[in-house]
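Hello,

Here is the structure I promised to pass on. Please have a look, then read my notes below.

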Amino acid sequence: MCGRYYFNPFQHLELEKVIKSFNQDSFKTDEIRPTDTCLVFIEDMNPILMKWGYTFGNKKIINARSETLMISKYFASKGKKRCVVVATGYFEMNHFKQKVYFHKDGPIYFAAIYNQDNEFSILTQEATSPFNKVHDRMPVVLTQTQAKDYLNNIPVFPCNDCEFELVVEQLQLFCNN
């Protein structure tokens, strides 16, 4: 699930306003990969820059199963806090090794957690329709209101019926050549 996402703040006026307070060279836009420095929101929707990938020993954990978060050996320790990752779309690879791009009008908010080193991991859940036709997991997607509630420790239910558009991009085969 979600090994890449897309962030173009210039597609949405509200995001464009947020990024003006940051040096444009200090964070990544367009296709975001693990270990990139990215824009996320913390308490009260305050923007901050963090690195994607929660360090555990010598591993970078980019996604965390929401169902087992509290008992996972990677995340059960103290020190994790809530954050929200903002995106304009995300990618999955389907069974035919095609890159599928999920997006919608307006920003997409992913529930995430971060540690004291400002490293985050995106929370995932079992994929719902139509996402389950492409992959068995998906990010925990929130509306903007739900994102604010999530950051304030108010229980939220993922936005399983958010209006997404499915776009199949180019065929990409992963070969060891």
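Predicted model: local features only at pLDDT ≥ 70, side-chain atom pairs only at ≥ 80, totals over all residues.

**What I found**

Asp 44 counts as exposed, because its relative accessibility is 58% and the cut-off for exposed is over 50%. Asp 44 sits in the loop between strand 3 (37-42) and strand 4 (46-52). Its phi is positive, about 60°, although Asp 44 is not a glycine.

Met 45 is in the loop between strand 3 and strand 4 too. Met 45 also has a positive phi of about 60° and is not a glycine. Is Met 45 buried or exposed? Met 45 counts as buried, because its relative accessibility is 14% and buried means under 20%.

**The chain as a whole**

The protein chain has two helices and 15 strands. It holds 177 residues, and 46% of them count as buried. Now the contacts. Take those between residues at least 6 apart in sequence: 62% of them join residues at least 24 apart.

**Salt bridges**

Side chains of opposite charge can pair when their charged atoms come close. How many salt bridges does a search of the whole structure find? The search finds four.

Start with Arg 4 and Glu 31. They form a salt bridge, with the closest N and O atoms 3.2 Å apart. The pair links distant parts of the chain: Arg 4 is in strand 1 (residues 4-7), Glu 31 is in strand 2 (residues 30-32), and 27 residues separate them. Arg 4 is partly exposed, at 33% relative accessibility. Glu 31 is buried, at 17%.

Next, Lys 60 and Glu 119. Their salt bridge has its closest N and O atoms 2.9 Å apart. Lys 60 lies in strand 6 (residues 59-61) and Glu 119 in strand 12, so this pair ties together parts that are 59 residues apart in sequence. Lys 60 is partly exposed, with a relative accessible area of 38%. Glu 119 is buried, with 9%.

Then Arg 137 and Glu 67. Their side chains meet in a salt bridge of 2.9 Å, N to O. These two also link distant parts of the chain, 70 residues apart. Arg 137 is in strand 13 (residues 137-139), and Glu 67 is in the loop between strand 7 (63-65) and strand 8. Arg 137 is buried, with a relative accessible area of 9%. Glu 67 counts as partly exposed, at 47%.

Salt bridges that share partners join Arg 4, Glu 31 and Lys 99 into one.

**The largest pocket**

Rolling a probe the size of a water molecule over the atoms shows where empty space is left. The largest pocket has a volume of about 320 Å³. Which residues of its lining are closest to the centre? They are Ser 66, Leu 69, Arg 82, Leu 123 and Tyr 150, out of 18 lining residues.

Three strands each supply at least two residues of the lining: strand 8 (81-87), strand 11 (108-114) and strand 12 (119-126). By type, the lining divides into 13 nonpolar, two polar and three charged residues.

Best wishes

How values were computed. Residues numbered from 1 in each chain as written. Heavy atoms only, no water. Helix = DSSP H or I, 4+ residues; strand = E, 2+ residues; numbered from the N terminus. Buried < 20%, exposed > 50% of the residue type's maximum accessible area, 1.4 Å probe, protein only. Contact = heavy atoms within 4.5 Å. 1 Å grid on protein atoms, 1.4 Å probe; cavity = no way out; pocket = protein on both sides within 12 Å on 5 of 7 lines; lining within 4 Å. Points joined across faces, edges and corners; volume = space filled by probe spheres on them. Nonpolar A, V, L, I, M, F, W, Y, C, P; charged D, E, K, R; others polar.
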